[in-house]
Amino acid sequence: MVNNLDLIKYRDEILPKYWYNIIPDLPKPLPPPMDPKDGFSRIELLQKILPREVLRQQFTVDRFISIPDELLEKYTIVGRPTPIFRAIGLEKYLDTPARIYFKYEGALPTGSHKINTAIAQVYYAYSDGVEGVTTETGAGQWGSAVALSASLYGLKSFVFMVRVSYEHKPGRRGLMEFYGAEVIPSPSNLTRFGSELLKKDPSNPGSLGIAISEAIEYALDHGYKYVMGSVMDVVLLHQSVIGLEAMKQMEIIGEEPDVIVGCVGGGSNFAGLAYPFIGLRGKGKRFVAVGSAEVPKFSKGVYRYDYPDAAGILPMLKMITLGKDFVPPPIYSGGLRYHGLAPSLSLLVKEGVVEWVEYREPEIYRAAAIFARTQGIVPAPESAHAVKAVIDIALEAKKRNEKTVILFNMSGHGLLDIDNYRSMMMRYGRL
Amino acid sequence: MKRILVAYTTLGYPSKERFLEFVSKAGKFGVDYLEIGIPPSFAKYDGPAIRRSYEHVKKLGIDTREALRAVAKNASAPIIALTYLDDYATVLNRFAEELSSIGIEYLLLPDLLIDYLDSYKEVLETLRACGVKPTLFVSSSMPDRLIEEVSKHSEPFLYLGIRPATGIPIPVDPVVVVRRVRKLVDNTLVVGFGLSIDDIANAVNAGADGIAVGTAIIEAIERGGIEEAFKLLTKLRGVLNEL
């Protein structure tokens, strides 16, 4: 077990000095981002809105990219390295010979892994000398990570929040504002795109696509940089701190995982944990990506070029997708409602390196309750998908009496989702 | 060692006559290979300038076969034809035989290793059987193993694209990319896709044997006709000769 004292003792050894990029180790070439046949060049647009170094990292593919000291310090401030726990309570409850470990990204201040890339992108925006950053947010998870990161560097942040969430999630909005962000309900009158929409329909509830368009337009108009929480390779690159730390921590513990599990929205938390293991130590291991059956991208998605954003402003990426216009049903795992899957993860799934499984909401609701009651931590509904898969794998191990070592990413805690769990209780019954 | 200069232009650009003048004189300005883009139905991995040049010649209605014959007769350097396999996948045999009969020695298909990876070896066999040598295009988003494997099949050099699309000045670090690929391959290595003048020395010092220029040529022609492009070539040759 790596407890808190060990974390301090081993901190410098555990916190990596570099990020890992899996692209040179993929089984096949990663199809490049592409501009659509008609219209403006989306790749050219990236150049205007993203911090210079973020672009350089996206397009200069090398296996290891060093993390600047100033950024490492910020990782330490927010609580990296995050702990790894053995889920003994869950193991006992399941009465399984499997040993279950989880990397706890929920220990970070905004409650999830999102900040690993927010801090990096905002740092590079700060290095470019801009005064502020813009972004979009749905439920507020990503927006909180950007708001805190901007404050750490003394930058302003402008978060365009989907209007319906802005109205229904005052807690998240309050958190972002408390961190110092300007939170704007989208569509808004601050952009041409937003005010056009409001002219047509003043009660437009907004969407993530609209919020992205507004955040980009606002950045262009004010000389700010735009930071993206979506599926670009560079986001996955920054998240590799999770897996690199975990690799070291498992070494210190003296265990080697047989199965690595993570839930998947766009793929960044899964990739963050799994990619260093896949690329550097993948032999004989299983990698299981867990999706939502209500957003069935693994079972029904098609591998093709599609826009990563609903607005179609970013370059097209080749990925497993349900189509950018896919309207997800109202499930509570906001982070898994995304229509596509990061290009590198799509390729690894197509090539059979990564397996997948999908679960329905009532199943993950039950798994979340089991985990909360046996381990204490309330998983984010997204992370509860990983918990459900881990429970199934541990029960399989029990059937075969195998001492499988399972490692999963508890990508976020669910304390800010308690209202969602209460709604699930009403929808699916008390457990 | 003489550094290689590869000059790209689009077939028939900016007009049939001026194009022929460009290919017949480029050699005098130190160009070692002429890369000639045959307008595809969708130039998916090309940037805005090259896409504009394709649109321009499509509007002129240039007869591809006739124009290619004229290039082969007039070219002042060996020719590498460039087009997308997407348009020829089902008629590759006929297309390659035609190129060969016209006297075009090399063919570069930028989408081959991206969209046709599973059948790339058969494609290479077909080209060779028809007398056309494949020039292969790799990029930094390709895995090490593949770059190593395909390098030995590429003639007269391996083409390394350092940016995601031609001519968009995304701030990549050419040194990092060239170093990585140089370690993997013994073949002659030519680097292209949006190199700036400042990048050239860095790329060569990192291990590149030469450079390929395309977008800058198209943009020079847009600005001041082929004379402007010749000025650019003179400058590039000068930079390369000093290294």
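In which sense, parallel or antiparallel, do strand 4 of chain A and strand 14 (residues 405–410) of chain A pair, and over how many bridges? The legends below describe close-up views of a predicted model, and the opening view takes up this question.

**View 1. Strand 4 of chain A and its pairing with strand 14 of chain A.** The two strands run in the parallel sense and are joined over six bridges, with A:Arg99 standing opposite A:Val405 in strand 14 of chain A. Strand 4, which spans residues 99–104 of chain A, is mostly covered, since five of its six residues are buried.

**View 2. Strand 3 of chain A beside strand 4 of chain A.** Strand 3, made up of residues 84–86 of chain A, is joined to strand 4 of chain A by three bridges, and these two strands run antiparallel. Within this pairing, A:Ile84 stands opposite A:Lys103 in strand 4 of chain A.

**View 3. The salt bridge between A:Arg281 and A:Glu256.** The closest N and O atoms of A:Arg281 and A:Glu256 are 2.9 Å apart. This pair links distant parts of the chain, 25 residues apart, for A:Arg281 belongs to helix 13 (residues 268–281) of chain A, whereas A:Glu256 lies in the loop between helix 12 (233–253) and strand 9 (259–263) of chain A. A:Arg281 has a relative accessibility of 27% and therefore counts as partly exposed; A:Glu256, with a relative accessible area of 34%, is likewise partly exposed. Both residues also belong to a network of salt bridges that links A:Lys248, A:Glu251, A:Glu256, A:Arg281 and A:Lys285.

**View 4. The salt bridge between A:Glu402 and A:Arg400.** In this pair the closest N and O atoms are 3.3 Å apart.

**View 5. The salt bridge between B:Glu149 and B:Lys121.** The side chains of B:Glu149 and B:Lys121 meet at 3.7 Å, N to O. Over all chains of the predicted model, the count comes to 48 salt bridges.

Definitions and conventions: Residues numbered from 1 in each chain as written. Chains lettered and ligands numbered in written order. Predicted model: local features only at pLDDT ≥ 70, side-chain atom pairs only at ≥ 80, totals over all residues. Heavy atoms only, no water. Salt bridge = Lys/Arg side-chain N within 4 Å of Asp/Glu carboxyl O. Helix = DSSP H or I, 4+ residues; strand = E, 2+ residues; numbered from the N terminus. Buried < 20%, exposed > 50% of the residue type's maximum accessible area, 1.4 Å probe, protein only. Pairing = 2+ DSSP bridges.
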